[in-house]
Amino acid sequence: MIQLHDGASPREARQRAIALLARTGITEPEKRVDSYPHQLSGGQRQRVMIAMALACRPRLLLADEPTTALDVTIRAQIIELLLELQRDEAEKRGMAVLLITHDLNLVRRFAERVAVMEKGVLVESGAVEDIFTSPQHPYTQRLLNSKPKRSVLPVLPIAPVLLDAKNVSVDYPTRLPGFAGWFRRGRFKAVDDVTLTVRQGETLGIVGELGSGKSTFAMALLGLRRISNGVVQFQGRALGDFRGREKTVLRLNLQVVFQDTFSSLPPRQTVERIVGEGLALHRPELDAAARRDKVVAMLREVGMDRAALTRYPHEFSCGQRQRIAIARALVLEPSILILDEPTSALDVSIQSQVLALLADIQKKHNLGYVFISHDLQVIGVIAHRVAVMRNGFVVESGEVEKIFANSSDEYTLSF
C-alpha cells in the first residue's frame with residue numbers, strides 16, 4: 001500500500017512498515033516484518049491490521065473493535081497512538097475516527113460523542129460524559145450497570161489433581177538472520193519451564209500480554225502442541241502414554257472452547273450436528289434420537305432452546321455462538337475444560353451472562369477450568385488461582401485474592 005499510494009521504493013516502504021509495526025507495539029519489528037500471519041498471535045495480527053490502516057495517513061479511520069484481542073497495556077498504547085495521530089498537526093492529517101466497540105471504558109476515555117445501538121436501532125446518543133453520568137434509555141443503563149460478580153465455590157482440600165504440567169517448554173523453529181538462515185534454523189522458546197496444576201472443581205486463570213505464551217501452553221496441555229521439555233500428566237499419567245482407545249477417552253476428558261467462534265464453529269453445519277458430532281464419535285451406542293435428546297438438554301443448560309437445532313452459526317450473535325461452543329465441549333461430560341479468551345469478543349452484559357453460566361456449570365459438574373484471558377477483572381470473577389505469564393515464563397502465581405491484593409511483581413502490577 002505504501003508503494004502503491006505514496007510511490008515509495010521497496011526499501012523505503014520496508015523501513016516505513018517496520019516503523020509502523022514498532023509504533024503499534026509489535027516487538028522485534030525488524031524480524032516480524034518478514035513473518036506470515038499464521039506465525040503471529042491474534043493480538044499481533046490485530047496490531048498489523050492497525051498498522052496497515054494507518055500506513056497512508058487516512059483522513060477517516062473506521063475502527064471496528066480495534067482493541068478486542070489486545071491486553072490492557074497494549075490497548076492503552078494503541079489508543080494513545082490513535083490520539084497522537086489525531087493531534088498531529090505537523091502533517092495536517094486532521095484524522096477523524098469512528099470507533100465501534102463494546103468496551104465502555106475505552107469509549108469513555110477515547111470518544112467525544114457516543115451512540116448506543118440495540119438490535120439495529122440507535123437508542124441514545126450524545127456527549128460521552130452526559131451519556132455515562134445520566135443515561136436515559138433502559139438499555140444504556142443496563143450496559144453501564146453490567147458488572148460481573150464473583151460466584152465460585154472454594155476448592156475442597158481433598159480435591160484430586162486432574163492436570164499437572166511439570167517444567168513444560170515449547171520451542172518453535174525460526175529462520176536465522178542473514179546467509180546462515182538458508183542452512184540452519186534457530187529456536188524460539190514460546191513457553192519456558194512452566195509448572196502448574198489444576199484440581200477438580202478449580203479454575204486456574206492464566207493471564208499475560210498477547211504473545212506471552214498463554215495459548216501455546218494451553219495447546220500443550222491438550223496435547224495439540226509438541227513440548228520440547230517437561231511432561232503434562234492427566235490424573236497422574238503422561239499424555240504421551242495414552243494409546244489407542246485410551247487416547248480417545250483422554251480426548252473426551254480434555255475439551256476446549258476457543259476465542260474465535262467464527263473460525264471454530266463449522267459454518268456449513270447445523271447446531272445439532274456441531275454439538276452432537278462428539279457424541280457420534282465417543283458415544284456410538286446412542287442412536288440418533290438419544291443423541292438429539294442429549295444435545296437439546298445441553299443447549300437448555302447453556303441457555304438456548306430447541307429451535308436452535310436446525311440453524312447455522314452465522315444466524316446467532318457472538319454470545320450465542322459462544323454458548324454453542326460451550327455446549328459442544330460440555331456435552332461429552334469432560335473433566336477439564338480449557339477456555340481460551342472465551343469472553344474477549346463479548347460486550348459487558350453478555351460477558352457477565354457467560355461468566356455466570358460457566359460458574360454454574362462448574363458447581364453442577366465439579367469441572368476443572370483453565371481460563372486464559374488478558375482481562376484481570378474477568379480472572380478475578382471466575383478463577384481460584386492465577387498464573388501471570390510473560391515471554392513464556394510464569395512470573396507470579398498463587399491464589400487470586402492474594403495476588404490481586406499483595407502482588408510483588410512489577411509486571412503484574414502493570415495490568
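Contact means heavy atoms within 4.5 Å. This is a predicted model, where local features need pLDDT of at least 70, side-chain atom pairs count only at pLDDT 80 or more, and totals for chains, interfaces and linings use all residues. Residues are numbered from 1 along each chain as its sequence is written, and side-chain values use heavy atoms, with hydrogens and water left out.

**Exercise 1.** Find the helix that holds Thr140, then list the contacts of Thr140.

*Solution.* Start with the helix. Thr140 sits in H8, residues 138-144. (Helices, H or I, have at least four residues and strands, E, at least two; both are DSSP runs numbered from the N terminus.) Next, list the contacts. Beyond neighbours within four places in sequence, Thr140 meets Val116, Val123, Glu124, Ile131 and Pro135.

**Exercise 2.** Is Gln322 buried or exposed?

*Solution.* Take the cut-offs: buried is under 20% relative accessible area, exposed over 50%, partly exposed in between (1.4 Å probe, protein chains only). Gln322 has a relative accessible area of 2%, so Gln322 is buried. Now place Gln322: helix H14, residues 318-330. Residues up to four places away in sequence aside, Gln322 touches Val257, Phe258, Gln259, Thr261 and Pro342.

**Exercise 3.** Which strands stand at the edges of the open four-stranded sheet?

*Solution.* Write the order: E6-E5-E8-E9, with antiparallel pairing. (Two strands pair if DSSP finds at least two bridges between them.) E6 (185-199) and E9 (237-238) each have a single partner strand, so they stand at the edges. Then check one pair. Two bridges join E8 (residues 229-234) to E9. Phe234 has Arg237 in E9 as its bridge partner.
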